[in-house]
Amino acid sequence: MKSFRTLFLLIIMLSVPAGMKAQINAEQVITIGRNVLSMDDYMLAIQYFNQAIKAKPYLAEPYFLRGLAKMNLEDYKGAELDCTEAIKRNKFKTEAYKLRGFVRQSLGLDSLAIEDYNEGLKHDPTEKYFLFYKGVALSSMKKNDEALKTMNDLLRLYPRFEEGYAARASLNLQREDTTAALEDVEKALKLNRALVNPYLIRADIESSRGNWETALNDMEEAVRLYPEEPGFYINRAYLRYNTDNYLGAMSDYNFALQLDPNNMAALFNRALLRFEVKDLINAKKDFTSVLTLNPQNFHALYNRGLVELESGEYKEALSDFKSISGKYPNFYPVYYAIAEAERNLGNLKAVGANVNHAESLVRKYVANPESNPLDRPTIAAGTPKNANRTPEGEDEDENEVMNRFNQLVTMEEIPQTQLSYNERIKGRVQDRNVMAEPEPLYFISFNPSPESLGGVTNYFRELDAFNRGRYITRTLYLSPLTTHLTDAEYDALFKMTDDYSSIISSSGNKVRPADRMARGVALSMLKNYKSAIEDFDEIISANPDFTPAYIARGVARFEESKMQEDQRLAMHGIAMAAADFDTAARLNPRLQHAWYNKGIILYTQRDYSQAAECFSKAIEIDPEFGAAYYNRGLSHLSSGRKNEAFTDLSRAGELGILPSYNILKRMK
């Protein structure tokens, strides 16, 4: 709640230029890099910007764009350095100041970030995002009066800026003005009900007032908007627990751990809940998992000792309690626990000694608290419920200290003000859909996927024949379009395109289609789709029955269409891609991936009925095609056919498509 760590996102759309020449054209390389950046393939984008920097190191743009890519990879220090290099080359590049301010905030350098925002405001005193980010930075520094003035100036200039109201709501909450905070929450949600932060702020306020049901309703909305955020499930579980919905709370902890198996807060809370319902074996397992992740978590250690005590594992309990007393010799409750373990082990002399020691610590503390302070181990798993309600500078009484050992924790580090990088350089900024997305297209690749090792699902008769012919040295695979490669793999692909370009240029009128196929696949993997399509066109012109080229070109056409700013060109590309998959299905009626890929195209065009039919044809060919069940389930769900969707998503989950369970949970 008190953290303003940022989540950054910029998506830039441009059309891809023609193929790269042996002599590097820096402007073309930058443009390809921009397109790759727009597709969130940040590592590949960095490779393109590296080439541009080598070719023309005096340009500011590739440094700025490389910094943007690094920021999205959370390499904030690297992004800061690149922005500085961009500013050295062009001190008037205001977006570089903005980006550097972002990453400096992420590094906790708020004062330096404000210097960057002030520099930007010199050039444009009313620029929306410089004001917005400056206000957030000031709030992070607890300069509440300055922050409020900046936010007020922002909203006076931009009265329909919903993120500004959400940020001011968070600031007002920090100022303990809950009335003003709730007013801003209402204004933000009136403008945009898909904004998550207002729901989180209001849930926090209502939970602090003990209005559990009201707070729960807001957390339900947060989970719906961001179903992949583990912390939201942890906080919803806490609210469900307070409404006596133990089963729902347990379900949320389980799901949070599916998303993040090493989430200590979820493990700790689930352990406490299991302890409460006397599932002692599993409670101990969870506490042990917490301690494996963080051996210094004495709350987990203390509670594991209590579980062991109740389970009759007295020696194990005694060992845990003595570990705590060794670290916190003035933590008096642990001596009562040690006494109980010793009593059950028959060591009556040790019982009296430990009880007396605990009482002595308390007496000394009562007589002179300053000279005889008691140890109070810190929370290590998260934040206990209402922990932030103790006024600063006031001590907790001993009952509060003890209660912290057996309270559920919440995730206070979930950002209440979620920043996004909104600078429009060129092209359109694409909204990220919070709804479920279909499983990806299948394309021709040099890299096998885990699925392609499964045999039937990835079998492609014509591709297999091509590989057996040994026309090229590398094997081609049919793989889902999801792979992000390593730097070394990208370097190998760049070299491959150069090698095949040399072969093709030296072949005159006798260019082998296989060489074009290899180069086209490499270019596709490098997301240089325009050049790849040119190679696939040549292959199909020479070999109109070569099915793999239609699959490869269809994917390239569809992916290139996403980069088109001109809607007519984009729709033409989509139609041409669908036609390629139709041709592939005609040439090989048993090629389930042709139907599957066409189904995805139809789904993205919201033709859910036809999309479901295509996925059904893919399933007829391969009844174990999990991704097809999943995508058909989404198609049914989008068409309002909930029962059919439930059946398909359940089957997809059985076949290993894990997002199915998320959707099923939300459907319930």
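**Exercise 1.** Is the crossing of H26 and H27 left-handed or right-handed?

*Solution.* This model is predicted, so local features need pLDDT of at least 70, side-chain atom pairs count only at pLDDT 80 or more, and totals for chains, interfaces and linings use all residues. Residues are numbered from 1 along each chain as its sequence is written, and side-chain values use heavy atoms, without hydrogens and water.

Step 1. Helix H26 covers residues 547–561 and helix H27 residues 567–587; helices are DSSP runs of H or I with at least four residues, numbered from the N terminus.

Step 2. Their axes come within 8 Å and cross at roughly 160°, where axes are lines fitted to C-alpha atoms over the stretch in contact and angles run from 0 to 180 degrees between N-to-C directions.

Step 3. H26 and H27 are therefore roughly antiparallel, the term for angles over 145 degrees.

Step 4. The crossing is left-handed: the near helix is turned anticlockwise from the far one by less than a right angle.

**Exercise 2.** Determine whether Asn 172 is buried or exposed, and find its partners.

*Solution.* Step 1. Asn 172 belongs to helix H9, residues 162–174.

Step 2. With a relative accessible area of 4%, Asn 172 is buried (under 20%; exposed is over 50%, partly exposed in between, with a 1.4 Å probe and protein chains only).

Step 3. Beyond neighbours within four places in sequence, Asn 172 is in contact (heavy atoms within 4.5 Å) with Leu 148, Asp 177, Ala 180, Ala 181 and Asp 184.

Key: Helix = DSSP H or I, 4+ residues; strand = E, 2+ residues; numbered from the N terminus. Parallel < 35°, antiparallel > 145°, perpendicular 65-115°, else oblique.
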